[in-house]
Amino acid sequence: MEDVAFYSQACHFLASNEPDTDMEEVSLDGYVSTVLTEDEEEEEEELEERVEGYSPKHPYQCTECECSFTKPSHLKIHLRKHTGEKPYTCDECPYSTSVSSKLKIHMRIHTGEKPYQCNICDFRSAKSTNLKRHLRTHTGERPYKCDICDYCCSGASILKVHKRTHTGEKPYECNACDYSGTSLRCLKEHMRIHSDDKPHKCDVCDYSTTKAQRLQRHMRTHTGEKPYKCTVCDYRCIRSSRLKDHMRRHTGEKPYKCRECAYSCAASRNLVVHMRTHSGEKPYKCSHCDYSCTVSASLKKHIRTHSNEKPFKCGECEFSCSRSGTLRVHMRKNHTSEKPYKCSDCDFSFIYSANLKKHMMQKHTVKSKKRSAQEGSLL
């Protein structure tokens, strides 16, 4: 396992305590190449192919292993793998490497130079390998395939990280907490929690985050975009994970099961909240009073009792309220006349779910869970 000895906010350089670990910068999602990943870029692999050989015909033989080389310079570079020597050092940060070409690529982080440009879009990169990977987003090519599942991707390093989802391996450890991740990219993003660095900022509100992906998802709350659509009903959402959870409503699948009771659910987050009913944990606490709760959404609603904030506004009249559910009920009662709660035994329908339950008990002799439990305890 690796732990991090140094983290630079200036260039987002991560230094490992492991002396033999090489780390390189890559460009992800088309922005500045300050994200780190494993030493497996094609550029480096090509260099290793040039300096590593196993034929006894090569005149320059390594004294530590069976490798032999056609040039003494290649042998010299190879020997640094055994000695751990990294003579090429960055003047701006603690980065060092065994190969001069790697230092040249690294320096582009500090200079901002991106000489490799896509001929289809505005993407630019500090490394030719990143441009090669980017071009696959235009061609759709995904040559790297997982031998365990159907996953395929555009880069060898991406595939290596994916395979850790099968093995459970999380080799990158935080030295400030118990976090461990599958890639240096994940660790770099995590380190921002400790440094309070949130470089991705919303230009509409005060929201900022450690991840570009989270900002992209947040922007949908402003644009109203919901790209993930259910194929069975009209449900749409901003997250693919939420759609996956929603689809289980149609299939009835509840893969997340409580270890303490018979409870099971379709979404992992619901199980996390449920477990707090057993532990008594209420991690969300009000800063104005003694109120605490198990769900962040409940705390958000509670805070509005102090601020008197009413962010949910009716588009048909001047009504506003502190809860989205209250606005939905208002719309049904005053504007849409919608009655979504329908009786399965007759033609009655209701605005409120409580009214449907009452109807079922009175007209169809369906017992409530509470009443059934009480009667069971008397037996």
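A: Two residues are in contact when they have heavy atoms within 4.5 Å of each other. Among contacts in the protein between residues at least 6 apart in sequence, 21% join residues at least 24 apart. The model is predicted, so local features need pLDDT of at least 70 and side-chain atom pairs pLDDT 80 or more, while totals for chains, interfaces and linings use all residues. Residues are numbered from 1 along each chain as its sequence is written, and side-chain values use heavy atoms, without hydrogens and water.

The protein has 13 helices and 26 strands, taken as DSSP runs (H or I, at least four residues; E, at least two) and numbered from the N terminus.

The part to look at is helix α9, residues 268-279. With 12 residues, α9 should span 16 Å, the expected span being 1.5 Å times one less than the number of residues. The end C-alpha atoms of α9 are 17 Å apart, which agrees. The buried residues of α9 are L271, H274 and R276. They pack against three strands: β19 (256-257), β20 (264-265) and β21 (284-285). After α9 comes G280, with a positive phi near 80 degrees.

For comparison, consider a loop residue. T210 lies between β16 (208-209) and α7 (212-223), and T210 counts as buried because its relative accessibility is 8%. Beyond its neighbours within four places in sequence, T210 is in contact with E189, R192, D197, K198, P199 and H200.

Methods: Buried < 20%, exposed > 50% of the residue type's maximum accessible area, 1.4 Å probe, protein only.
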